[in-house]
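Please consider the following points alongside the coordinates.

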Amino acid sequence: MDGTTRPQTVSVGANPLYHRLLGQVEERTGRAVVLNTSFNGNAEPVVCSPRDALATFARAPLDALALGPFLVQR
């Protein structure tokens, strides 16, 4: 929103699942980059559990939700 970024790196040792996801994003898009933002609805607290994530996904205009080893799609 303010035009700034805070890049973060992910090592395979620190988070192998997310590291693998970034590798797959790079295979499909040519870029190993994802935009990470807070996951919550307007005027709602940030999602803190899988149950919260599924409830927010159900209400949000999203195509997919990556939740641990699962991919939920509409």
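**Notes on the model**

1. Helix 1 contributes the most to the lining of the largest pocket, with eight residues. Helix 1 (16–29), strand 1 (64–67) and strand 2 (70–73) each supply at least two lining residues; helices (H or I, at least four residues) and strands (E, at least two) are DSSP runs numbered from the N terminus.

2. This is a predicted model, in which local features need pLDDT of at least 70 and side-chain atom pairs count only at pLDDT 80 or more, whereas totals for chains, interfaces and linings use all residues. Residues are numbered from 1 along each chain as its sequence is written, and side-chain values use heavy atoms, with hydrogens and water left out.

3. The largest pocket has a volume of about 1,800 Å³ (the space filled by probe spheres set on grid points joined across faces, edges and corners). Of its 37 lining residues, Tyr18, Leu21, Val34, Leu35 and Asn36 are the closest to the centre. A pocket is an open set of points on a 1 Å grid over the protein atoms alone, where a 1.4 Å probe fits, with protein on both sides within 12 Å along at least five of seven lines; lining residues have an atom within 4 Å of a point.

4. Strand 1 and strand 2 run antiparallel and are joined by four bridges (pairing requires at least two DSSP bridges). Leu67 has Phe70 in strand 2 as its bridge partner. Two residues separate the strands of this hairpin, where Gly68 takes a positive phi near 60°.

5. Arg74 lies over the face of Phe57, 4.2 Å from the ring centre (criterion: NZ of Lys or CZ of Arg within 6 Å of the ring centre and within 35 degrees of the ring normal).
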